[in-house]
Amino acid sequence: MMGVKITMADERTPLITTVAVATPRRRYPHQTVRRFCSIALGSSLVVLLITFLVTVVYAPPYSHSQPWPGHGREHFPFEELQTILLETPSAEKASEWSKYYTSGAHLAGQNLSQAIWTRDRWEEWGVMSIIDAYDTYINYPLENRLAMLKKKTASAGQSSEKWEVAFEATLTEDVLEEDPTTQLENSIPTFHGYSASGNVTGSFVYINYGTFWDFEDLIRANISLEGKIAIARYGGIFRGLKVKRAEELGMIGVVMYSDPGDDGDITEENGYEVYPVGPARNPSSVQRGSVQYLSMGPGDPTTPGYPSKPGVPREPVEGVIASIPSLPISYAEALPILKALNGYGPRAKDMNEYWTRNEGLGYKGVEYNIGPSPDDLVLNLVNQQNYTITPLWDVIGIINGTIPDEVVIVGNHRDAWIIGGAGDPNSGSAVINEVIRSFGEALKQGWKPLRTIVFASWDGEEYGLVGSTEWVEEYLPWISEAYVAYINVDVGVRSPTFSASAAPLLHSLLYEVTSLVPSPNQTVPGQTVRDLWDGHISTMGSGSDFTAFQDFAGVPSLDMGFGGNDVEAPVYHYHSNYDSYWWQKTYGDPGFLYHKAMSQVLGLTVAKIADAPLLALNATAYAIALKEYVGKVESKLASSDVKPSSEAEIFEFRARGAKAELKGDRAAFERSLNQLYGSIDDMKSAAVKLDAKAAKLAEQANEHIPWWHWVKKLRLFHQIRFTNTKYKKIERAFLYPEGLDGRSWFKHVVFAPGIWTGYAGAVFPGLVESIDNNDFTNAIRWVGIIDSCIQTATKTIQ
């Protein structure tokens, strides 16, 4: 074409060029609306898929045989479970288990056959079980001796260096024709766990109960203690702390005996026959036991804070366990020693009223002189121990639940200082066996718990809570994530009086369950365990396997049994050969009816925690208790010079450390307590709301919700789960990672054993110990720590 320049194609020419065309015709008249609908529908499907996946992960499946009550086709009513747990336990079976456990020696680390037997029985009853082993540092007795030596009278004009035996203790308990356990040849010698080896000789001094202030009284009376052997009566405080204080003051050994004055009215002096003819203490009974420094930290002393597994590094024990030897003896063999002090040094009545309480051997000629004994009258104490690394065996059983991260654990220890142990611990062993057998019956009928239940038969409790502590230290991450409660039964039955100690979160549950179980005492037809129980719940201290759970891991714990004080109950021969099956069936629990009742109480307690949709915990009770605890601190400040009255108050008072020089501003500390009151009020307000919401959710969980209201059902599931998670975390909020002053293993700021009591619980221990030390600067520091924990608990609840 003329006038038009034509460009020829080359290698740079695009293969496709833009060509103008007409506007495309719309395929559909409402295409925008259709696109919007497609996006909305796709989004809805995605949301439904995510909701379904979340439901599968976080909510119990409907098809399970035990969904939350009121839901699912195969619901196993709680009423049926309760009936099984009340009707299955058998007094005859409990007697059978008691007789098995008390028929042979089962000292810690020497009871593998019993561990295997226990595991096999649990497996037979449908509970999957294993044995967890730990290589632990403990001692076994080799040789012992206690002799009173008197220097021979020298001939005229000559001195004598020869000594003669004035009294040689047998260090054994009498063999009784009526009691077969005492006749067995493999009887365990009388000794102390974690006692030091040694051969010491010296004058001796009577130190009363060996509390901190008993020693202070001796010092103020100018009684020479250094290089002497202490004669202490059992009771009041943990035996290891008697040894600890004696060692600190330069004494070279300790001998302990059980004074019948501490047995109440049931004594030979009051006309009662002694065991086996009657209920009074047999004069030859000896209390064995550990002298570990329990209030400084339980468990294997060579692996503090971590489990004693093969090959782990081990810490030195110097300063952690006793370095002076000790021996337990009977009051029959204490008599010659105590009488030898008659006329030497002041008498107990010359000291103060705390030295004359419960003197039970005056009718035997003991004047309770303090001594020291004269230079020509000494004691020779020989205590040779074999310290070794040896396995302990914890038996662990498990019933898996629907919710994997909510777990309740139930425990009892199996080891004993003697062949028997029908009260401590094997009444508890018989009880837990009956509980597991009862749950096995429920499993046969198609029940499965909502939450996982773990059962434990601990080894090594008697030495220092060793088996349970090592287990907690090993599984701490799992425990911290999942555990909702620990239920302990140590001495299940030794008297007809129910007693308990518990974290406040569990108080309401305990009252509820005991009101459901008939009492073996039916002098008033239909009365329950709760009707005959005074309702007192002690604070958590130490002395049994709940310690690591409560004080180290922050798991709310409960310890219970028929073991309370009863003025009419036969004397219980604690840690003696006479804690035997024959004693139990003749005096402790004839017919084993209290064993059955304790099995019912324990079974229902576990069921209420494991199977109710809402955790059976009460946050308001915790806030109320905290306010009472602060009030006790104020009362202690205001009445430091007021004399205590009750038995517990007296020993708490006598176990306080000596006042040091004042540090800080006492008035400022007193004002700082208002800070705690304010935070506790905030916690209580939040707790009341949480408990009210939980009660409402519990009602809704028991209502039938049709399947087509699946959104409502899903919402309820997640509200319940969210609420339960709050409850689970409350106790953990009171853990302080750095631990208590001078005993960092104990992490709980509210509960710990008293530093100079060992067994008895102390509330706000960091605070109270600072007050006892007259250190108000540190007390104010602890107010800040406690306040921070309370605020964390409040945030958890909110």
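Helices (H or I, at least four residues) and strands (E, at least two) are DSSP runs here, numbered from the N terminus. This is a predicted model: local features need pLDDT of at least 70, side-chain atom pairs count only at pLDDT 80 or more, and totals for chains, interfaces and linings use all residues. Residues are numbered from 1 along each chain as its sequence is written, and side-chain values use heavy atoms, with hydrogens and water left out.

Q: What is omega for the cis bond joining Tyr275 and Pro276?
A: Pro276 sits in the loop between β7 (253-257) and β8 (289-290). The cis bond that joins Tyr275 to Pro276 has an omega of about 15 degrees.

Q: Are α17 and α19 roughly parallel or roughly antiparallel to each other?
A: Helix α17 (residues 619-638) packs on helix α19 (residues 666-701) at about 165 degrees, their axes 7 Å apart. Axes are lines fitted to C-alpha atoms, for helices over the stretch in contact, and angles between N-to-C directions run from 0 to 180 degrees. The cut-offs go like this: under 35 degrees is roughly parallel, over 145 roughly antiparallel, 65 to 115 roughly perpendicular, and the rest oblique. So α17 and α19 come out roughly antiparallel.

Q: Which residues touch the most other members of the largest nonpolar core?
A: A nonpolar core is a set of buried Ala, Val, Leu, Ile, Met, Phe, Trp, Tyr and Cys residues joined through side-chain atoms within 4.5 Å. Buried means under 20% relative accessible area, exposed over 50%, and partly exposed in between (1.4 Å probe, protein chains only). Out of 134 residues in this core, the ones touching the most other members are Phe455, Met560 and Phe734.

Q: Which element gives the core its largest share?
A: The core in question is the largest nonpolar one, with 134 residues. Its largest share, 12 residues, comes from α19.

Q: What is the relative accessible area of Tyr194?
A: Tyr194 lies in the loop between β3 (192-193) and β4 (198-202). Its phi is near 60 degrees, positive even though the residue isn't glycine. Tyr194 is buried, and its relative accessible area is 0%.

Q: Does Asn774 count as buried or exposed?
A: You'll find Asn774 in the loop between α21 (765-772) and α22 (776-797). Its phi is positive, about 65 degrees, and it is not a glycine. With 16% relative accessibility, Asn774 counts as buried.
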